[in-house]
Amino acid sequence: MRSEAPLLIPPGRSIYGDPNVRHPAADILNCIGFYDQNSHVMPDTLREGRGVLADGLEDEWVEYVPTSYDGTKAVPLVISRHGGGQSGWGQCYATSWMHVAEQEGFIVAFPTSSLGPPPRRDPSEEPSVESHPMMTLDPASHDVALALGLIEDLAARYAIDRTRIYCQGMSMGDLMTMRLARTHGHLLAGIALAAGPSPIEALFDRDGGRRADDGPVPCYQARGERDVMAISKGYDGQATRYDINEANKRFWIQADGCDAVPLIRIEGRNNFEFYLGRDMDVVVRDVKDRGHGQTFDDARYAWDLCFSRYARVDGRIVRLAAPDRGYGDAAAVAVATGCRKAYVADTRIDLGLPAFTLEEPQPPADLHLPAPTFAPRPMVYVPAGFLATAFGCSVEERAGGRAVRVTTPAGRVVEISEGNVGVVLDGKVAAMWRQAEMAE
């Protein structure tokens with residue numbers, strides 16, 4: 001009888017529990033809470049280490065060595081940093097880095113930080129990069145020393161390709177990865193950040209000038225659409241999570257010399273922005289309906305879209321493959337409320353009028369209607385004439401401008417009338433998500 005190949009991701013018992021504690025290795029944590037998390041069965045081959053790596057302090061970590069490793073060939077190394085209150089073991093448990101390492105043939109290590117979660121700051125306090133050790137550029141900080149010491153320890157025990165050392169982190173680990181890249185970026189061939197963007201005041205001064213860094217580093221960033229947690233409110237006390245995400249994106253776009261206008265792509269719940277540069281790119285992945293955490297497949301995206309593409313040779317970033325200019329969707333569209341321009345097929349075009357948002361109206365209380373089973377999302381509207389500019393359609397006004405007849409270059413015809421969700425598409429009744437509206 002032919003034996004079956006082992007499963008890369010074996011089955012286990014799905015549980016709902018606290019992601020900040022250690023669960024039995026055979027349990028798979030699936031929960032939504034402070035951290036959105038999906039875990040996996042932990043392997044017997046995971047190696048747990050303890051020792052003094054830096055500053056005379058004893059640290060802990062876990063490391064995974066792929067079964068293909070035999071020491072005859074130098075392999076890449078990934079250092080993966082955990083979120084606040086978690087551990088190196090928990091970071092391995094919560095991610096697919098171990099599985100990607102097995103498939104791609106690199107070593108991955110997960111150090112446990114001695115730092116606690118960043119403290120909540122009083123919004124009335126003066127913003128300061130000194131408000132938490134992770135926000136400073138102090139290279140003597142132990143989380144930096146721990147990462148550097150672990151790299152040296154692993155390089156002494158395994159054949160590590162020094163041109164291909166990468167760092168990734170989630171939440172607090174995102175902050176630590178950012179600081180390592182800004183103080184010792186010359187050692188790294190790429191970084192991946194998830195769910196923990198650094199405060200604006202840690203990256204830019206009050207005049208918008210970028211604070212110090214250690215040179216360009218290829219960067220992948222993953223953010224959850226519903227992740228609203230922010231540990232700082234910026235210089236004016238008004239910054240939102242969106243503002244902080246934008247600052248972190250802008251920091252690396254500038255540091256890496258990338259185009260300010262991205263290519264965009266939509267894959268299911270993933271919304272991608274690709275900021276292209278001569279030597280390296282910045283990739284941003286926004287995950288629809290995701291809260292604070294990292295998706296289980298985030299390691300695969302970080303490896304495929306960043307780490308697998310770069311090495312650092314003699315201090316310079318080198319692409320391991322020709323730049324991929326096929327990132328963008330041919331018909332991708334991005335619009336935002338209040339904006340007069342849109343991204344279409346990787347270019348900017350004029351909408352004619354600003355896009356606007358229509359909130360779902362609430363029924364009058366005296367109707368005594370049952371509450372909706374879900375909270376409808378507001379819809380973003382664009383002028384019908386946008387179809388002509390964006391896709392080469394002809395748009396003919398009907399009924400005194402209260403309806404339009406749109407004909408595509410391929411000859412398809414759709415009729416849209418004010419107030420209706422119903423439309424006529426190629427002579428047959430069809431529907432939109434929300435009704436057409438007139439805008440003044």
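Two strands pair if DSSP finds at least two bridges between them. In this predicted model, strand β12 (residues 270-275) and strand β13 (residues 282-287) are joined by 6 bridges and run antiparallel. Within that pair, N271 has D286 in β13 as its bridge partner.

**The chain overall**

The chain has 8 helices and 25 strands. Of its 440 residues, 47% count as buried. Taking contacts between residues at least 6 apart in sequence, 62% join residues at least 24 apart.

**The ten-stranded sheet**

Strands β12 and β13 belong to an open sheet of 10 strands, ordered β4-β5-β7-β6-β8-β9-β10-β13-β12-β11, and the pairing in this sheet is mixed. Its edge strands are β4 (47-54) and β11 (263-267), each of which pairs on one side only. From one strand to the next, the twist averages 20°.

Inside the order, β8 and β9 pair in the parallel sense, and G169 stands opposite L193 in β9.

Helix α2 lies across β5, β6, β7 and β8, and runs at about 160° to β7. The buried residues of this helix (residues 97-104) are W97, M98, H99, V100 and A101. What covers them? The cover includes the strands β5 (57-64), β6 (75-81), β7 (107-111) and β8 (160-170), together with the helices α1 (88-94) and α7 (298-305). Just after α2, G105 takes a positive phi of about 80°.

**The α4-α6 contact**

Helix α4 (residues 172-184) packs with helix α6 (residues 241-255) at an angle of about 25°, and their axes are 13 Å apart. Angles under 35 degrees count as roughly parallel, and α4 and α6 are therefore roughly parallel to each other. The crossing of α4 past α6 is left-handed. Which residues make the contact? On α4 they are M178, A181 and R182, and on α6 they are N248, F251 and W252. By type, the residues of this contact divide into 4 nonpolar, 1 polar and 1 charged.

**The three-stranded sheet**

A further open sheet has 3 strands in the order β16-β17-β18, with antiparallel pairing. Here the edge strands are β16 (333-334) and β18 (347-350), and each pairs on one side only. Strand β17 (residues 341-344) forms a hairpin with β18, with 2 residues between them. In the turn, A345 has a positive phi of about 50°.

**Strand pairs with their bridge counts**

| Strand pair | Sense | Bridges |
|---|---|---|
| β8 and β9 | parallel | 5 bridges |
| β12 and β13 | antiparallel | 6 bridges |
| β17 and β18 | antiparallel | 4 bridges |

Definitions and conventions:
Residues numbered from 1 in each chain as written. Predicted model: local features only at pLDDT ≥ 70, side-chain atom pairs only at ≥ 80, totals over all residues. Heavy atoms only, no water. Axes fitted to C-alpha atoms, helices over the stretch in contact; angles between N-to-C directions. Parallel < 35°, antiparallel > 145°, perpendicular 65-115°, else oblique. Left-handed = near helix turned anticlockwise from the far one by under 90°. Contact = heavy atoms within 4.5 Å. Nonpolar A, V, L, I, M, F, W, Y, C, P; charged D, E, K, R; others polar. Buried < 20%, exposed > 50% of the residue type's maximum accessible area, 1.4 Å probe, protein only.
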